[in-house]
Amino acid sequence: MSAVITRKGEFVQDPPLVQKLLTDVRAGWLFLPFRIWLGWQWVSSGSGKIVEPKWVETGEALKAFWVSAVKIPATGRPAISFDWYRMFLQMLLDTQSYTWFAKLVAYGEVLIGIALIIGAFTGIAAFFSGFMNWNFMMAGSASTNPMLFAIAVFLILAWKVSGYIGADFFLLRFIGTPWRGVPSSMPPLEPNPVK
């Protein structure tokens, strides 16, 4: 294991407040309202899309968004600032990927929202939340995306505790993580016996 060590031979540690926010299970209560609010934003946005045929049948709604985003106006600034992203969206338009991609967006928003609300795999759900917000911002749609992105990053950083008041309380205990953890010297938490 490598770590950053000062010239005095001390390990560089995170500030105590950061350690508390990102690793103390009591901080789960702090993340709970942010997690539920962000999840609700995704559920409400996605539920409107999954009942709209232009999203889940033809993909015309996403096509219209992409066409508007890639358009370069005669004067002023285009919606997309980076040419590589404009070319990426144009490639998706040329291959008619909106027919299947719109379904992915609509159902993905609902699934991300549900996972965040119940606190299941919160770090993963927050990552996909932030990734979708990043793509919306790259396509020139600011709206509420910067705020949603910032909250998603906050939840990603605190992945161990942000879903602790939720399904992750059980999921992290029973499933664990794909990487190896350090064995704990503490016994696992047991439910209190009924007296």
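Modeller: Angles of 65 to 115 degrees count as roughly perpendicular, under 35 as roughly parallel, over 145 as roughly antiparallel, and the rest as oblique. The model is predicted, so local features need pLDDT of at least 70 and side-chain atom pairs pLDDT 80 or more, while totals for chains, interfaces and linings use all residues. Numbering starts from 1 along each chain as its sequence is written, and side-chain values use heavy atoms, without hydrogens or water.

Start with helix α4 (residues 60-70) and helix α6 (residues 98-118). Helices here are DSSP runs (H or I, at least four residues), numbered from the N terminus. The axes of α4 and α6 come within 8 Å and cross at roughly 100° (lines fitted to C-alpha atoms over the stretch in contact; angles between N-to-C directions, 0 to 180 degrees). α4 and α6 are therefore roughly perpendicular to each other. From α4, the contact (heavy atoms within 4.5 Å) takes Glu60, Leu62, Lys63 and Trp66. α6 answers with Tyr98, Phe101 and Ala102. Five of the residues in this α4 and α6 contact are nonpolar, two are charged and none is polar (Ala, Val, Leu, Ile, Met, Phe, Trp, Tyr, Cys and Pro are nonpolar; Asp, Glu, Lys and Arg charged; the others, Gly among them, polar).

Now turn to helix α2 (residues 28-50). α2 packs on α6 at an angle of about 155°, with the two axes 7 Å apart. α2 and α6 are therefore roughly antiparallel to each other. Residues of α2 in the contact include Leu38, Trp42, Val43 and Ile50. Those of α6 include Tyr107, Val110, Gly113 and Leu116. The contact of α2 with α6 divides into 14 nonpolar, five polar and three charged residues.

Leu89 shows the detail. Beyond its neighbours within four places in sequence, Leu89 touches Trp66, Ala69, Val70, Ile80 and Ala139.

Arg86 sits in helix α5. Arg86 counts as buried because its relative accessibility is 10% (buried is under 20%, exposed over 50%, partly exposed in between; 1.4 Å probe, protein chains only). Leaving out neighbours within four places in sequence, Arg86 contacts Val70, Ile72, Pro78 and Ile80.

Methods
Helices (H or I, at least four residues) and strands (E, at least two) are DSSP runs, numbered from the N terminus.
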